[in-house]
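Visitor: I have a model open here and would like to walk through a few spots. Can we start with how the chains meet?

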Amino acid sequence: MSVAVGSTTRPAGSRDQKAQQRSDARSRRVPLLPALVFTIILTQLPFVVTLVISFMNWNAYYPEERGFAGISNFVRVFTDEAMRHSVWVTIVLTATVVIVSLVLGMLIALLLDRKFRGRAAVRTMMIAPFLVVPVAAALVWKHALFNPEYGLFNGVITAVWNLFGMSNPPQPDWISLAPLVSIEMALIWQWTPFMMLILLAGLQGRPLDVIEAASIDGASGWQIFRYMTFPHLRQYLELGGLLGSIYVVQTFDAVFVITSGGLGTANLPFIIYQTFYNAQDYGRASAAGVVVVVGTIAIATFALRTVSTLFREEGGR
Amino acid sequence: MSSVTDVGPVPATRTTTGKPRPDRKPRGNVVFAVIAWVVGLLFFTPIAWMVLTSFHSEADAATNPPSLAAPLTLQGYREFFGASSGASPWPPLANSLTASLVSTALVLLLSFPAAYALSIRPVEKWTDVLFFFLSTKMLPVVAGLLPVYLFAKSVHLLDNIWLLAIFYTAMNLPIAVWMMRSFLAEVPVEMLEAAAMDGANLPRILRQVVAPVVMPGIAATSLICFIFSWNELLFARVLTATRAQTAPVFLTGFVTSQGLFLAKVCAASLVVSLPVLIAGFAAQDKLVQGLSLGAVK
C-alpha cells in the first residue's frame, strides 16, 4: 500500500485527469445501462438457452429420456422433409411479399405524390389495411373474401356472370387451389401501405427546385424519374426492404389463421411453434431455432451494412 | 449491394415508363387521379366489406352473389359480445390494453435515458451499441420462445399478463431506442448546456428540458409500441391461457368455420382492430416516422 502511494505522488495531475475521464465515461454509461441490461437478459439469454437445449434429447412427453443428444437434433432438422420445405417457404414468402409490396408501394406513392381532388381521402384509404390487427385481417381474408361458398371474390364472380346472363360461374376454392399465394395476397395487402408511406415521405423530401429546373431544360418525365427521383428514392427503397424483411420473415399470424400451416405453407416460425407447442419436442425445436438464427445472422450482417451506410449519410448531413 | 436492391424496382420503372410524360397536360392528371382513386378503393374494399358484413344478419352475410343492400342489424356484435355463447371478449380486450399500455410505459422509461446516452451525451462506441439494439430485432423471436416458456413455467408465471408485458417491452425496446435517438439528436445543444450550467441533474434535464422538445417523438414511439404490442400473437398464444388471454388470441377461436358466423367474425375483427385504426388515423404522420425508426421525418 505504502509503496503504491509513494510511487503515485508525482504524476498526481494526470491521475486526477484519468480518474475524471473514467468517472465521466461512467456517468455517460449510467442512463444507457438499464435498457442495455434489460435487452441482453431478455433477448440474448434465451438464445443461449436455446443453443444448449438444441444439443439435448428433451421431449416433454418422455421426461425420463432427457439427456445429451450430440448433433442428432441438427441431423433430424436437416433430414426432415417438412423442415427443409419450411425453409424454402419462408424464403419464397418473404421475398414475394417484400418485393411485390415495394413495387406496388412505389407505384402508389408516385400516384399520391401528385395533387388531385381527394388525395387525402385516398391516402387514408390506402393506410387502412396496415391498421387492421394481423389476426383480424387474416380472418377476414380467409372467411369473408376467400371462402368458396359465400366469400366476396366468388360472390363478385357470380354477380358478374349474372349480369351478363351466363350460368355456372366458376367458384374456385382459392385457399386449396393456391394456399401460399392466398397467404401472400393477404400479407401484400397489409404491407403495401407500409412501403407506400415510407416511399411517399421519400418523394416529398425531393429537392423540387432542381426537378423544376430539369423540366424547364427539357428533361422528359421518364428522364426525371430515372436520373433524379429514382436515385433519391433508392435509400428509402432499401430501408423499406430491410424493415419489411425483418417483419415478414417472422410471419406467424397469417399462416396460423389462413391455412394452419397445412397445404405445404408451414414457414419456419410456424413449424418451430408446432414442434415445440404441439409435439413438445424441445430438442428439435431448439435445433431448428438455432438454424434459423444462423441463417438470419448471415442475412442480417448484409442488411446491417446497408443500414449503416444510410445512417452515415444521415449523420453526415 | 446494388445488384440486389436494383432487382425490386425494375418492373416498377418499366410500368411507369410512358406515364410521367403527359404530366403537364390536364387530361393526364385526370387519368392519374382516377387511377389513384380506383387503387385506393380497391385496397379499401376488404375493410368496407368487413364493416358492411358486420352489420348484416348471418343469413344476409352468407349469400352468393353478395347482398349489399340487406337490412342492417347489430346481431353480429351481440353475438361477438357473448349473447348466446356466454364467452365475453371484454377480459381479453382488457388484457390486451394492460399489456400494451404497461409495456409502452416501460419502453419509454428505458429508452428515453438510453437515447440520451446515445445522442446528446454519447458513450464510447455508441454506434456499436445502437447497432446491437437493432441486431436483436433481426433475430427471429420464435427461436427464443421455448426458453421463455420454460422460464415462465418454472416460476409459475404462465398465463400472467404482467410477464407478457415485460416481454413486449423487450420486443419493442430496440425500435424505441432507435426512434428516440433520432429525435433526441435534434435537440439544440445550447439548451442542454444552459441547463447543465444551472446544475440540473440528469432526471431533471430529461424531464424539464429534453422531454418538452421531443414530445412529438415520444408520441410517435408510443404509438408504434402500442400497435406492435396490441397486434402480437405468437408470444401471447404460448404464454397465456384462459386468464391472461389477449384479444388476438381470442380471435384465433374463429380460425375454423362454425357454420354461419361471418357477421360475427367481421364484427370481432373490427372491434379488435378499432383501437389501432383510431390511433393510426389520428397520427398518420407519426406512423411514418415510427415505422422508419425515425429515419424518415
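Visitor: How many residues of chain B are in contact with chain A, and how many of chain A with chain B?
Guide: This is a predicted model. In it, 96 residues of chain B contact 103 residues of chain A.

Visitor: Which helix of chain B gives the most to that side?
Guide: Helix α3 of chain B, residues 26-54, which puts in 16 residues.

Visitor: And how do the residues on chain B's side divide by class?
Guide: The side of chain B that touches chain A has 68 nonpolar, 23 polar and 5 charged residues.

Visitor: Changing topic. At what angle do α10 and α12 of chain A cross?
Guide: Roughly 150 degrees, with the axes coming within 9 Å. Helix α10 covers residues 179-204 and α12 covers residues 221-248. An angle over 145 degrees counts as roughly antiparallel, so α10(A) is roughly antiparallel to α12(A).

Visitor: Is that crossing left-handed or right-handed?
Guide: The crossing of α10(A) and α12(A) is right-handed.

Visitor: Which residues make the contact?
Guide: From α10(A), they include A:Trp191, A:Phe194 and A:Gly202. From α12(A), A:His232, A:Tyr236 and A:Gly244 are among them. By class, this contact has 11 nonpolar, 4 polar and no charged residues.

Visitor: One more spot. Where does B:Leu274 lie?
Guide: In helix α15 of chain B, residues 262-282.

Visitor: Why does B:Leu274 count as partly exposed?
Guide: Because B:Leu274 has 15 C-beta neighbours inside 10 Å, and buried would take 20 or more, exposed 12 or fewer.

Visitor: How far apart are B:Leu274 and B:Ser96?
Guide: They are 178 residues apart in sequence and 13 Å apart in space, C-alpha to C-alpha.

Technical notes: Residues numbered from 1 in each chain as written. Chains lettered and ligands numbered in written order. Predicted model: local features only at pLDDT ≥ 70, side-chain atom pairs only at ≥ 80, totals over all residues. Axes fitted to C-alpha atoms, helices over the stretch in contact; angles between N-to-C directions. Helix = DSSP H or I, 4+ residues; strand = E, 2+ residues; numbered from the N terminus. Parallel < 35°, antiparallel > 145°, perpendicular 65-115°, else oblique. Left-handed = near helix turned anticlockwise from the far one by under 90°. Contact = placed C-beta atoms within 7 Å. Nonpolar A, V, L, I, M, F, W, Y, C, P; charged D, E, K, R; others polar.
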